[in-house]
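Student: I am new to this structure. Please take a close look at one part of it with me.

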Amino acid sequence: MPISGTRPRRGEGRAAAFFAAPSLLGLTLFTLFPVVMSLVMAFYHWPAVGARTFAGLGNLSTLFEDAVFRRTLLNTLLFVVLYLPLNLVVSLGLAVWISPRMKGRRALRVVFFLPVVVPMVANAIVWRLIYQPGGLIDGTLHAATGVHAPNFLGERGWAMFAVVAMSVWQGFGYNMLVFSAALDAIPEHIVEAAQLDGAGPVRQLFRITLPMISPSMFFATTMTLITSFQVFTQPFLLTGGGPGVDTETLMMFVYNQGFSVFEFGTASAAAWILFVLILGVTAVQFAGQRRWVTYDA
Amino acid sequence: MPSRWRVVVSHAALYLVAAVFVAPLVYMLATSLKPAAEVFGSPPRLFGSELRWANYREAFTFLPFGRFVLNGIVVATIGTLVVLLASSMSAYAFAKLRWRGRDGVFLVFLATLMIPQEILVVPMFTLMRWLGWVDSYQALIFPWAFTAFGTFLLRQYFRTIPDEINDSARIDGAGLVRVFTHIMLPLARPALAVLAVFTFINYWNSFLWPLIIINSVDQKATVPLGLQLFFGQQGTQWNLVMAASVISMAPTTLLLLVLQKHLIRGIATGGLGGR
């Protein structure tokens, strides 16, 4: 990381301390300290009120013996496995479809991005009404065919898909903008040269467009992977984790352990399991990037 | 099919997809203007028997929704100012000042970017109890105001400003604080704008942390938390809930429409926002 002027100049040290102080203090108090504390908590039996006792790895074994925890682990993986590819395909597809030269492209991009900046609570509430018996889907289907739609949020087998569908609708606009920016940056002469050489649209997509935006695809995949493991608000508000615990995610489990059961120890241990899981898949992502990401364009 | 026609069909189909995509938001708006008895119905209709604007008035009177909006504006505004001030100051120290250990400290800063919220919420709550901040406005504002992200973003921007500008101002007798406030900050205005927009939106939309830390919801809730309360109490009054939802999305939607260029640039240059 080369930075201009590495030779310390007299008098700037004190000024630097002044300028950096708010961030350094804030970060120490509100990030570094809680992280250390979380790690300590994970090894303690730490109820919100009452005596704490050292538990060692006890919290971990408690968690893995807990059928609900194991289920939330699976639910989270299922969410990620469904959400990630859907999000990427839709966002990439639309970014390519809204071609760089079409009229009204900025308005379209803003429309698809809109749910990203709308409070998740508002998005989730309207989707409750859409999924509800008598709501938008059921009402339309029943009027058209006389058949009622399933109770999407209340039926096993539907609930997770309903949560995923709403989440994709809400979230893909972000990646779409990432891809659009990358597509806009592809030099026109490269596309023209390919066309002159007789490359069809499919060949152009796979031989030129996708390789040229592969760094963006890597960025989007990694970020979406990380955030989708942390999914909380959508299932919390759409289904409350139900039916049963069919849509309860790891982050919801952490929240419930912490703030309904008030067991900070197991909550912290569960949070660290989630974090390690995220670190693991991110590491795999980074290890695999050499095979498909091209940085020299 | 001639290629001209193919383009027309492709664009028409694209607009159709966009229309289906915004349907939920249109449905929200439509429901917010319907009489309570006409929310459900088969087939669903865009308009009820009247456009009931009174829903919006009632959304504000049934629960202290005006209070939630005010809380949200105050928390998001102060939070954004704190973020801008703290991160621009430290970014200046990291980008332009020379001091021992600078690069090492900066690496620690960057490393904290990896720490996710799920690790932090439980110990943060305990910390709030120790500070006596549970159920307070400062707890809504400060705990998340010191992420390394803003510092990183602004440091990258400050580094593009030539050192000569700084040095000549110093030779002219300007102090470091003056250089910071009169040269660096004005020059960094585009980056500050991007950071401000995203920070404001994040504060305004934040749900999990207010849910954890706020107990007296009637007084201190921000909009998403208040909306959830509204929903819980008034699950049957869909039209009022939808009116409140429309109000909740108004500020950030407005920001998006007015500042779309800044927002899009922020995303293109370095993964802001999202979630």
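Student: Where in chain A does A:P243 lie?

Tutor: This is a predicted model. A:P243 sits in the loop between α11 (233–238) and α12 (250–259) of chain A. The peptide bond that joins A:G242 and A:P243 is cis. Its omega is about -5°.

Now follow chain A past α12. The loop between α12 and α13 (264–292) holds A:F262. A:F262 is not a glycine, yet its phi is positive, about 60°. A:F262 has 14 C-beta neighbours inside 10 Å, so it counts as partly exposed.

B:D135 is a residue other than glycine with a positive phi, near 65°. Find B:D135 in the loop between α5 (117–131) and α6 (137–141) of chain B. B:D135 counts as partly exposed because it has 15 C-beta neighbours inside 10 Å.

Chain B has 15 helices and zero strands. Its radius of gyration is 24 Å, well over the 19 Å that the globule rule gives for 275 residues, so chain B is more spread out than a compact globule. The C-alpha trace of chain B spans about 75 × 65 × 35 Å along its principal axes. Of its 275 residues, 44% count as buried.

Finally, see how the chains meet. In chain A, 74 residues are in contact with 73 residues of chain B. Helix α1 (residues 12–42) of chain A gives the largest share of chain A's side, 18 residues. By class, that side has 55 nonpolar, 16 polar and three charged residues.

Definitions and conventions. Residues numbered from 1 in each chain as written. Chains lettered and ligands numbered in written order. Predicted model: local features only at pLDDT ≥ 70, side-chain atom pairs only at ≥ 80, totals over all residues. Helix = DSSP H or I, 4+ residues; strand = E, 2+ residues; numbered from the N terminus. Rg over C-alpha atoms; globule rule 2.2 N^0.38 Å. Buried ≥ 20, exposed ≤ 12 C-beta atoms within 10 Å, placed from the backbone. Contact = placed C-beta atoms within 7 Å. Nonpolar A, V, L, I, M, F, W, Y, C, P; charged D, E, K, R; others polar.
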